[in-house]
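Subject: Structure for your review

Dear colleague,

Please find below the structure I wished to pass on to you, together with its sequence. My notes on what was found in it follow.

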Amino acid sequence: MLRVFICGAHSVGKTTLVNEVGKQLNLHVEAEVARKVITDLNLRREDFDPKTNPSKFEELQERILEAQCKVEEKHSRSGTPYIADRGIDPLVYSLMYLGENSMKRLLSLPSSQECISRYRTSLVFVVRPFPECLQTDSIRLVPKMEDLLNFTNLMEEVLQGNRIPYTVIDVLDLKKRVDIIQEKIMECGSLRVVARTDGDSLNRDD
């Protein structure tokens, strides 16, 4: 079954990329779980600032992990191929803002271990940040290029430490980003991509 996870710091263009790949390859798009969790909990950005409220920040990462696990389980049961906005990111946020002990605690959760096992047999991509993508919203922490680069480096360390294969997307152009993902899918034989025009379908090998 085809599972694609687009990971990386916020403000790197993941959502745009996920939606474009989903449209071009006729894949179900799983929107970012973190934003929904934050909205459902009615949290403001200052409520989970890791500097002033570290316990709430860690609790939020745990809730996001649990929510992601449930979504992924649903797709596994139904056999639906999909592309998801984010993956192992909550562990990286805990490591970056709260330290290794916080990440290890989250890593010990059954939901984390289940997700990691799933990611090892999925296609995982890490999108590197570019200054052109930086933007602020009312929900996420204000991005700084230095922080985004640090997050990305930590992301790769966590993936490597958990033996999760991944591909780095280090170009800004959207078409080139989509091409990288499509080529990897073809390489793995997860989809038999056929010549298409708008409205054509892609043959899936589940």
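I begin with strand 4, where Leu-123, Phe-125 and Val-127 point one way while Val-124 and Val-126 point the other way, and all of them are buried. Please bear in mind throughout that this is a predicted model. Strand 4 covers residues 123–127, and five of its five residues are buried.

On one side, strand 4 is joined to strand 1 (residues 3–7) by four bridges, and the two run parallel. Within that pairing, Cys-7 stands opposite Val-126. Strand 4 also runs parallel to strand 5 (residues 167–169), to which three bridges join it. Here Phe-125 is opposite Thr-167, and Val-127 has Ile-169 as its bridge partner.

Tyr-82 is located in strand 3 (residues 82–85). Its relative accessible area is 0%, and Tyr-82 is therefore buried. Although Tyr-82 and Leu-2 are 80 residues apart along the chain, their C-alpha atoms are separated by 6.6 Å. Not counting residues up to four places away in sequence, Tyr-82 touches a set of residues that includes Met-1, Leu-2, Arg-3, Val-4 and Phe-5, as well as Leu-27, His-28 and Glu-30. Glu-72, His-75 and Arg-118 are also among its contacts.

Val-12 sits in the loop between strand 1 and helix 1. With a relative accessible area of 0%, Val-12 is buried too. Leaving aside neighbours within four places in sequence, Val-12 is in contact with Val-127, Arg-128, Pro-129, Cys-133 and Arg-177; Val-127 is one of the residues of strand 4 described above. Val-12 and Leu-148 are 136 residues apart in sequence, and the distance between their C-alpha atoms is 8.4 Å.

Helix 4 and its surroundings

Helix 4 is mostly covered, with eight of its 10 residues buried. These are Asp-89, Pro-90, Leu-91, Val-92, Tyr-93, Ser-94, Leu-95 and Met-96. They pack against strand 1, helix 3 (54–78), helix 5 (100–107), helix 6 (110–119) and helix 7 (145–161).

Ser-94 lies in helix 4, which spans residues 89–98. Ser-94 counts as buried because its relative accessibility is 0%. Beyond residues up to four places away in sequence, Ser-94 touches Phe-57, Gln-61, Gly-99, Ser-102, Met-103 and Leu-106.

The packing of helix 4 with helix 7 may be set out in more detail. The two helices pack at an angle of about 120°, with their axes 9 Å apart, and the crossing is right-handed. From helix 4, Asp-89, Val-92, Tyr-93, Leu-95 and Met-96 meet Asp-147, Asn-150, Phe-151, Leu-154, Met-155 and Val-158 of helix 7. By class, this contact has eight nonpolar, one polar and two charged residues.

Confidence

The mean pLDDT of the protein chain is 87, and 87% of its residues reach 70 or more. Among the elements of the chain, strand 5 has the highest mean pLDDT (97), whereas strand 7 (residues 203–204) has the lowest (36). Over residues 192–206 the pLDDT is below 50; this stretch has 30 contacts in the model beyond near neighbours in sequence. Where pLDDT is low, the predicted coordinates should not be read in detail.

Yours sincerely

Key:
Residues are numbered from 1 along each chain as its sequence is written. This is a predicted model: local features need pLDDT of at least 70, side-chain atom pairs count only at pLDDT 80 or more; totals for chains, interfaces and linings use all residues. Side-chain values use heavy atoms; hydrogens and water are left out. Buried means under 20% relative accessible area, exposed over 50%, partly exposed in between (1.4 Å probe, protein chains only). Two strands pair if DSSP finds at least two bridges between them. Contact means heavy atoms within 4.5 Å. pLDDT is the predictor's confidence in each residue, from 0 to 100. Axes are lines fitted to C-alpha atoms, for helices over the stretch in contact, and angles run from 0 to 180 degrees between N-to-C directions. A crossing is left-handed if the near helix is turned anticlockwise from the far one by less than a right angle, and right-handed if clockwise. Ala, Val, Leu, Ile, Met, Phe, Trp, Tyr, Cys and Pro count as nonpolar, Asp, Glu, Lys and Arg as charged, and the others, Gly among them, as polar.
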